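This briefing covers the structure shown below.

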Amino acid sequence: MNPITPITPLAITQHTLVSALGHGRDATFAALLAGRTGLAPRHFETAAIDSWLGVVEGGEDIAWRDDLAAYDGRNNRLAELALRCDGFAAAVQQAARRWGGHRIGVFLGTSTSSILQTEVAYRHRDPVTGALPDSLHYGETHDTASVARYVRAALGLQGPACVVSTACSSSAKVYASAQRLIALGLIDAAVVGGVDSLCMTTLYGFKALELTSADICRPWDAQRGGLSIGEAAAFALLERDAAEPMGWLLGAGESSDGHHMSSPHPEGAGAVLAMRAALAQAGLQPQQVDYLNLHGTGTPGNDAAEDRAVGAVFGTTLPCSSTKGYTGHTLGAAGGVEASIALLALQHGLAPAGLNLRMQDPALHSHILREPLRQPLKVVASNSFGFGGSNACLVFGAVQ
Amino acid sequence: MNSIHFEILGIGLLGPGLTDWASAAPLLREPDQWRSVPTVVPPPQRLPATERRRAGPVVKASIVVADQAVAAAGLDAAELATVFASSSGEPTNCHALCEALAAPDRMVSPTRFTNSVHNAPGGYWHIAVQSRQPSTSLAAYDASFGAGLLEAAALCATRQAPVLLVVCDVPYPAPLHAKRPLSDVFGVALVLGPGSGVSLALWGETAATSCAHAGFEAVRSSIPAARALPLLQALANGVPAVVHIEGMPGMGLRVELK
């Protein structure tokens with residue numbers, strides 16, 4: 001393999017998100033500053049799994065376009081909520097006027113799409129034939145690519161589009177895909193991000209794997225018992241150049257563990273490669289990073305592996321925190337959500353505190369922030385790791 | 001029009017009446033010799049026994065074609081970055097999970113849940129070949145082959161190193177089959193390398209190239225991964241050609257073989 005060479009920084013001209021912290025950047029920032037979680041012990045739909053969840057409110061209430069009626073499902077409703085926040089859709093329209101709609105790609109991450117619609121349909125099969133009800137629009141809701149097709153259609157874009165679905169690294173890896181196509185001159189701009197919504201598959205699946213906690217998730221805590229599942233949508237607009245960017249994508253590193261389908265490499269060997277690749281693309285040394293947003297799911301194994309990897313790359317003095325204690329683990333949306341949090345951190349000079357941390361696990365040595373750090377930040381990195389041994393690290397830079 | 005340039009270093013293929021590239025290439029050149037028989041997925045020798053037991057059909061078919069392509073390219077599998085694409089992922093597994101979740105006790109198998117991730121083929125492949133190279137997994141509905149080819153070509157051009165592309169689809173069982181009727185299993189793998197023999201560009205003005213042979217066209221139009229067939233026929237013919245590959249509505253790929 002050829003050595004990784006630095007990339008040209010890529011302008012981020014707009015970003016937004018919805019999560020259990022609320023709708024839009026301001027609500028998110030207020031919660032991060034105050035150290036307020038969006039998680040609550042609650043049920044979702046017909047699921048009662050005795051855990052804390054990060055639920056997005058308001059998706060059911062929005063008016064839905066008739067011409068995209070078939071796309072109506074929980075995941076696409078979260079996407080639509082986010083498109084309406086912070087003037088995101090308007091910013092994309094402006095970019096489309098500048099570059100042409102066929103020169104703007106749509107690359108979004110999700111893990112389960114709107115599978116909830118199929119899960120509900122399976123409860124209403126025809127008693128004689130077993131057929132699913134006519135009301136299920138598989139291709140527009142459950143199908144993995146649904147959210148990319150919906151967002152492309154809703155924004156009226158005509159460029160290339162696809163979903164990246166690499167479990168919990170999905171919506172970090174879309175930044176790398178978009179960056180490559182812009183650098184190669186195939187497109188001039190891209191809508192990137194991720195959307196994942198609560199469903200029975202993940203709620204009962206993670207429970208079956210004994211990875212969910214009955215307690216609120218406590219990344220890096222000595223007593224951490226697993227993750228709290230959340231849902232979210234996050235978008236960013238990347239453009240070839242911009243007069244007034246909100247931040248810069250400096251590097252996007254990717255790697256595989258090649259170790260196990262559902263457990264990370266115990267030494268975080270793949271994670272180390274992803275972080276080093278991101279730094280190499282950014283042309284930065286580890287000590288030039290001011291804050292690292294950890295993947296930090298709060299499961300015993302994930303946090304231990306990530307702690308070793310972070311130590312190997314950055315040592316133990318870099319200010320770090322996981323924001324899963326605020327939003328829950330939003331799975332295929334996590335990379336996009338935490339990219340947006342990284343951009344907020346750069347804009348406001350705020351490295352959020354790690355929530356729900358009572359006593360740091362003495363076996364873990366990363367410097368987890370117990371209080372929010374308020375100081376100018378120039379470079380922020382964000383880790384995202386997923387099942388199948390999929391690793392990604394993004395490095396963002398502040399506007400000088 | 002910006003384009004990306006690369007070479008094709010190895011091909012793997014599995015589909016109805018198609019068992020590997022060496023035996024399929026003459027049939028792609030002379031389609032009247034081809035017989036439409038259901039796809040047979042052989043057990044992937046690459047997978048360790050425990051993984052072979054756990055893996056579903058899309059993982060197995062993906063690994064079989066990946067192995068064919070890497071062997072044809074004569075490269076070390078562990079050195080290759082990979083792009084996996086599939087429209088539907090692992091359909092039998094998805095059906096079993098949906099059935100379990102519709103039952104009163106909602107007992108979900110942890111292995112089934114682990115295997116439900118769309119990147120299961122990529123994950124199993126990188127475990128089998130012990131590779132820490134980057135890997136991505138894509139879905140783009142009927143445009144999944146085009147999306148995978150674009151991603152792999154961009155990765156190859158950016159890294160200036162070979163990239164393995166694997167695109168595979170497996171039909172759903174009932175009742176989801178009625179909602180998404182794919183006709184059979186189809187898998188294709190290409191090893192892309194730096195070079196100039198193939199150029200690829202985004203192209204919105206021409207409809208996707210179809211197969212002249214009615215049997216191949218039925219396969220092409222009924223399995224997203226089989227949208228590769230016109231390109232595979234052009235590669236089998238080995239003469240300069242231009243092929244248009246299905247993308248999202250109004251935005252396909254123009255591939256030129258020099």
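A:Asn356 counts as buried because it has 22 C-beta neighbours inside 10 Å; a residue is buried if 20 or more other C-beta atoms lie within 10 Å of its own, exposed if 12 or fewer, and partly exposed in between, with C-beta atoms placed from the backbone. This is a predicted model, in which local features need pLDDT of at least 70 and side-chain atom pairs count only at pLDDT 80 or more, while totals for chains, interfaces and linings use all residues. Residues are numbered from 1 along each chain as its sequence is written, and chains are lettered from A and ligands numbered from 1 in the order in which they are written.

**Backbone exceptions**
- Most residues other than glycine have a negative phi, and most peptide bonds are trans.
- A:Asn356 is not a glycine, yet has a positive phi of about 65 degrees; its place is the loop between β13 (350-351) and β14 (367-368) of chain A. Helices (H or I, at least four residues) and strands (E, at least two) are DSSP runs, numbered from the N terminus.
- B:Gln130, also not a glycine, has a positive phi of about 55 degrees. B:Gln130 sits in the loop between α6 and β3 of chain B and is exposed, with 11 other C-beta atoms within 10 Å.
- B:Ala174 and B:Pro175 are joined by a cis peptide bond with omega about 0 degrees; B:Pro175 lies in the loop between β4 (163-169) and α8 of chain B.

**Chain A overall**
- Chain A has eleven helices and 17 strands, and 66% of its 400 residues count as buried.
- The C-alpha trace of chain A spans about 60 × 50 × 40 Å along its principal axes.

**A sheet in chain A**
- Strands β3-β4-β8 of chain A, in that order, form an open sheet with mixed pairing; two strands pair if DSSP finds at least two bridges between them.
- β3 (40-41) and β8 (229-230) of chain A are at the edges with a single partner strand each, so one side of each has no neighbour in the sheet.
- β3(A) pairs with β4 (residues 52-54) of chain A in the antiparallel sense over two bridges, and A:Pro41 has A:Trp52 as its bridge partner in β4(A).

**Contact between the chains**
- Chain B contributes 58 residues to the contact and chain A 60 residues; two residues are in contact if their C-beta atoms, placed from the backbone, lie within 7 Å.
- α7(B) gives the most to the side of chain B that touches chain A, with eight residues.
- β6 (residues 161-164) of chain A and β3(B) pair in the antiparallel sense over two bridges, and B:Ala139 in β3(B) is the bridge partner of A:Val163.
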